[in-house]
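Have a go at each task before reading its solution.

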Amino acid sequence: MARILSLFRPQPFLGLLGRRNPTFCNMSIDSQARETFRAAVEAVQPDTVVRQSIERNGDSVVIDGRRLTLSHNLHLVGFGKAVLGMAAEVERILGDHLVRGVISVPHGIQQTLQQHGKSHLLLEADSRIKVMEGAKHNLPDDDSLKAAEGIKQLATDLTEKDLLLVLISGGGSALLPAPIPPISLQEKLDVTRRLAAAGATIQELNTVRRALSLLKGGGLAHHAHPAQVVSLILSDVIGDPLDLIASGPTVTCEMWPEEVLSILERHKLLSSMPASVTQVLARQSPRWKENDKHSDSPGEALNAVIGSNTVALTCAGRRVRELGFRPVVLSPGVCGNVRLVSRLYGLLARFACSREEPPPEIAAEVLRLGPEVGVESWDLCRTMQVLGEGRAEGWGATCVLAGGEPTVELTGKGRGGRNQELALRVGLELRGLELPPQGPVFLSGGTDGQDGPTEAAGAVTDAGLYDEARAQELDIDSFLSNNDSYTFFSRLSAGERLLVPGLTCTNVMDVHVLLIPAIPIKIS
Ligand SMILES: Nc1ncnc2c1ncn2[C@@H]1O[C@H](COP(=O)(O)OP(=O)(O)OP(=O)(O)O)[C@@H](O)[C@H]1O
Ligand SMILES: O=C(O)[C@H](O)CO
């Protein structure tokens, strides 16, 4: 530990030389945090990620390094919250080779996009792609069941001459329900709901969904065999695991009924499973062996992640550098309880802002806490090294960027979301850390533009939050204990700390931005 800590020992102050001015663009530091978030979201727009991943050259196309030949043999399916915009872009680039397509997208999305002036993410009136809306409130329903049936049929009809392009984004699991008979849609929905209510992780949830579905866990690729299958994936899961994003419909994976049973057991649901579920789990053969055309083929696919939290953070880093900050990406995989996550950001801010050498206890606590919230020791060391240089070597302003999906323990009945609650808690952690002209600023925002059941995506806070709330007679502790962060931020200073980007049409989880201004120099 002593060796690790010595890495962060500040060097002698270098004075003003080499310092950058983070306010050169006349933006407040709060606006700079918002601009950084905007750049993160912009980088993962559905049309942008598709455009960047498809290289068309005459009648051939290169995707993820693989060259494919087009001869009016292109078919398209898709499912997920960002898929409409992805499909619109594919049709613009490859439409002349497109035979037909079916996509399953959230209920009401076309009208919403129209109302928000996002018609570039809509299909043309004469599109060859059929749009099917469903899964109200992100839950599988009869409409998404019909869409899944249409997608399965399209895949099943393909031959070895065809190329199937599959567009996948978050929310895809609910938009592609195909329960294995005799499981009914209602039974599958109940299992999913009960698991989610019991606090199952997305890994657990989608492992169970895969085992009960005809199309998840490689089932779609199997149905499309012998056609070539290429999937373009916008990831909303930490670490971008192909088999879990939308439950991996084009990723063949081994199914272990024991694993599924142990998940159900862990959440005390095994004894109340319907007979149909236990019957399906008891079968020895692969799920799709019965009643279908290619009973022994698993189906191969090229799976390419074309947008992710990492992409968003990288582009945010570019933008923040233009704004005069030195960026450092902490991690795209921050998870765990928001209390611990807020403590970590508070410690990093203290570490960066300390005018003298920070006490070694800070780095020690950072290294202890980080792994508990999904951040590797190496990333913590690297980040502290950059922050140490910012403080001691005259680099000036620094920006810590991170992303992921922390969790909130819901104990109250208020309105809020994990981003607003995190920002509120970080605001408390930053108390007392004011630096002229303005102290560190923290922003947390959901890239889908929606944080829990609220109109906001997140919030922006700083060291002045506590005093500001007190002056307006708002008791932060009671808002926190009631999970009422949205009400708090709406009432505080007429809601000016809320982050409200509106509909963003994408989702790569959350983005965290910690802006540390240049530390006033010590004249020795
Ligand atoms: N009052 C609240 N305060 C804090 N967090 C809340 C509150 N109500 C719900 N949440 C959290 O909000 C999350 C659900 O919100 P949201 O719909 O933004 O989730 P999501 O995981 O981003 O979904 P998706 O990936 O499908 O968009 C859950 O993690 C839940 O714990
Ligand atoms: O659809 C899903 O399964 C989740 O959004 C994770 O990708």
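**Exercise 1.** Work out which hand the crossing of H14 and H17 has, and how the two helices are oriented.

Step 1. The crossing of H14 and H17 is right-handed; a crossing is left-handed if the near helix is turned anticlockwise from the far one by less than a right angle, and right-handed if clockwise. Helices here (H or I, at least four residues) and strands (E, at least two) are DSSP runs, numbered from the N terminus.

Step 2. Now the geometry. H14 covers residues 338–353 and H17 residues 418–429; their axes come within 8 Å and cross at roughly 45°. Axes are lines fitted to C-alpha atoms, for helices over the stretch in contact, and angles run from 0 to 180 degrees between N-to-C directions.

Step 3. H14 and H17 are therefore oblique to each other. For the cut-offs, angles under 35 degrees count as roughly parallel, over 145 as roughly antiparallel, 65 to 115 as roughly perpendicular and the rest as oblique.

Step 4. On the H14 side, the residues that meet H17 are Val-338, Arg-339, Val-341, Ser-342, Arg-343, Tyr-345 and Gly-346. H17 answers with Arg-418, Glu-421, Leu-422, Arg-425, Val-426 and Glu-429. Contact means that the C-beta atoms of two residues, placed from the backbone, lie within 7 Å. Sorted by class, the H14–H17 contact has five nonpolar, two polar and six charged residues. Ala, Val, Leu, Ile, Met, Phe, Trp, Tyr, Cys and Pro count as nonpolar, Asp, Glu, Lys and Arg as charged, and the others, Gly among them, as polar.

A word on the ground rules: this is a predicted model, where local features need pLDDT of at least 70, side-chain atom pairs count only at pLDDT 80 or more, and totals for chains, interfaces and linings use all residues. Residues are numbered from 1 along each chain as its sequence is written, while chains are lettered from A and ligands numbered from 1 in the order in which they are written.

**Exercise 2.** Find the domains and say where ligand 1 lies relative to them.

Step 1. The chain splits into domain 1 (32–43 + 309–516) and domain 2 (70–307), with bounds that come from an automatic or database domain assignment. Taken over C-alpha atoms, the centres of domain 1 and domain 2 are 33 Å apart.

Step 2. Where they touch, 13 residues of domain 1 are in contact with 15 residues of domain 2. The domain 1 side of that contact has six nonpolar, six polar and one charged.

Step 3. Ligand 1 has 22 residues around it, and Val-408, Gly-416, Glu-421, Gly-452 and Asn-483 are the closest. A residue counts as near a molecule or strand if its C-beta atom, placed from the backbone, lies within 6 Å of it. The shell around ligand 1 holds three nonpolar, 13 polar and six charged residues.

Step 4. Both domain 1 and domain 2 give residues to this shell, so ligand 1 lies between them.

**Exercise 3.** Identify the helices that give two or more residues to the shell around ligand 2, then follow H9 to its contact with H11.

Step 1. Around ligand 2 sit Gly-170, Gly-171, Gly-172, Ser-173, Ile-202, Asn-206, Asp-236, Val-237, Ile-245, Ala-246 and Ser-247. The elements giving two or more of them are H7 (172–175) and H9 (202–211). By class, the shell around ligand 2 has four nonpolar, six polar and one charged.

Step 2. H9 also packs with H11 (residues 257–266), at an angle of about 130° and with the axes 10 Å apart. That makes H9 oblique to H11, and H9 passes H11 in a left-handed crossing.

Step 3. Glu-204, Thr-207, Val-208 and Ala-211 of H9 make the contact with Pro-257, Glu-259, Val-260, Ile-263 and Leu-264 of H11. That contact has six nonpolar, one polar and two charged residues.
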